Amino acid sequence: MENFRMIDNTKIFYTGKAILIGLLVGLIVSVFRLIIEKLLFYVKSFYLFFAAEPLWLIPWGILSIIIALLIGFLIKKDPNITGSGIPQVEGQLLGEIHCNWWSVLWKKFVGGILSIGSGLFLGREGPSIQLGASIGQGISEFFQGDKMEKKVLISSGASAGLAAAFNAPIAGLLFVLEEIHHNFSPLVLLTSLASAITANFISLNFFGLKPVLYLGEVPPFPVKKYGLLILLGIFLGFFGLLYSKVLLSLPKIYGKISFLPPYFYGIIPFLFIIPIGVFFPELLGGGSEIIFSLEKTSPTLMILTGLFILRFIFSMISYGGNLPGGIFLPILSLGAILGYIYGNMVIDITKIDAIYIRSFVMFSMAGYFTAIGKAPLTAMILVTEMVGSLNHLMPLAVVSFVSYIIVDLAGADPIYEALLENMIEKKSKILKGRSEIIEIPVGAESILDGKMIREINWPAEALITSIRRGSKQIIAHGDTVMHVGDCLIVLTDEGMVNQVRQQIKHMSKDYIRG
């Protein structure tokens, strides 16, 4: 009998809950996605009618204002539904933001449909992730789970949300590990993978097996031309820095509008979208149709530049309005346009075969997303799953790596992390008298590697309780030596979670610079 291992009941229970979350998230996000697609189709049809009958724009404008006001009242009741929702999910896991799962679930669902379905340049993926996280939180509270279980199930729901939104289960898993947790947790890996696969299975039954951004056959990129990929990564890195800088300045720009409270900022993009809808109805929405139409129309460099400027500016106007909607798909569409611009220039200058224009589009989507989100693995796998091509991981890696290096040298933070900091920077750091456990990974560049716990000047509010090393849990004491790959289990006050995390993070940065 001693040769048999006891079954880990904890993992079984967590996996069962993750599958349940995946079923619910897959169903809700698929319905969310389906309604948005149908609504957007009718909105585009209306704008084609308005172009011939312009007087109908008057009642349409009034209706747009009413919808914006309705969304504004939802935001006023629950500010946590604004924007993509991904910073709020990260804030929940850090203990900085507390959400009522049911309130967020239904308000984000309704607000997201009205905002994204109206043709604004917003994506469905961020809201889908937050919807999934809310369902994960709801399941945890239903089963009366502890804080650790709550975080694990929120993560599982977030992974399922992205999987269902884009039919990309592996990207959903990597997004949770790379972007939300910033470390590898075996339990989070197991549950997030289970929920993502389940949610994707449900989504496939709604939308079929065809990849979301299927571009047809994309030829292998010649190794001798990899120098062009390095230049593309640099090109995307600088445009990614521009995107992040403008996006983070939106609160200040919109803050100058004194006659509207922040929850009614959505009136502005709802009115600005009307002339775009009348003259360019094909440009409405998050941008997936743009990616397909560019290949069919083969626009000139001047038209591509104008298209990029228009989508860039109105993406900012849309997101700055605090409306429930994401930036994933708008980023990917902007990256695709940049890929067409770069590809056309390269084809004209180097006379490379025009068949590689699709390759540049595919690589640019991943590189541009990496430059903004600083999540290269997620970007590579997300684009691979969305395009449906597994033969381009090497060039995707090259472009993503170079664009990442550019923004990292510039000192840019991941966009969702920066957005979260903007949300919580005004909150005072006060002790709440409630304990919270956080996990901090030991990276290869960290000052913690090879040091004993007692050798580090830890924040006063932090207590190292144990270390997770692989599948083992080690009780920590002063002489315990930390190593690369370890995950520190830190006990702190609920009100000091982010401060403690940032202090330990900056210790490593200071060490590198020194």
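**Close-up views of a predicted model**

View 1. The mean positions of the 39 positive and 36 negative charges of the protein sit 3 Å apart. Keep in mind that this is a predicted model.

**View 2. The whole fold.** The protein has 18 helices and four strands. Its radius of gyration is 23 Å, close to the 24 Å that the globule rule gives for 514 residues, so the protein is as compact as a globular protein of that length. Along the principal axes, the C-alpha atoms fill a box of roughly 75 × 55 × 50 Å. Of the 514 residues, 57% count as buried.

View 3. A search of the whole structure turns up 32 aromatic pairs. F73 counts as partly exposed, at 48% relative accessibility, whereas F264 is buried, at 12%.

**View 4. Another edge-to-face pair, Y243 and Y368.** Here the rings are 6.1 Å apart, centre to centre, with 80° between the planes. Y243 is in helix α9 and Y368 in helix α14 (residues 357-373), so the pair links parts that are 125 residues apart in sequence. Both Y243 and Y368 are buried.

**View 5. The aromatic cluster around Y243 and Y368.** These two tyrosines belong to one aromatic cluster. Also among its members are F221, Y226, F235, F239, F308 and F312, along with Y342, Y356, F360 and F363.

Notes. Residues numbered from 1 in each chain as written. Predicted model: local features only at pLDDT ≥ 70, side-chain atom pairs only at ≥ 80, totals over all residues. Heavy atoms only, no water. Helix = DSSP H or I, 4+ residues; strand = E, 2+ residues; numbered from the N terminus. Rg over C-alpha atoms; globule rule 2.2 N^0.38 Å. Buried < 20%, exposed > 50% of the residue type's maximum accessible area, 1.4 Å probe, protein only. Lys, Arg positive; Asp, Glu negative; His and termini not counted. Charge placed at Lys NZ, Arg CZ, Asp CG, Glu CD. Phe/Tyr/Trp six-rings, centres within 6.5 Å; stacked < 30°, edge-to-face > 60°.
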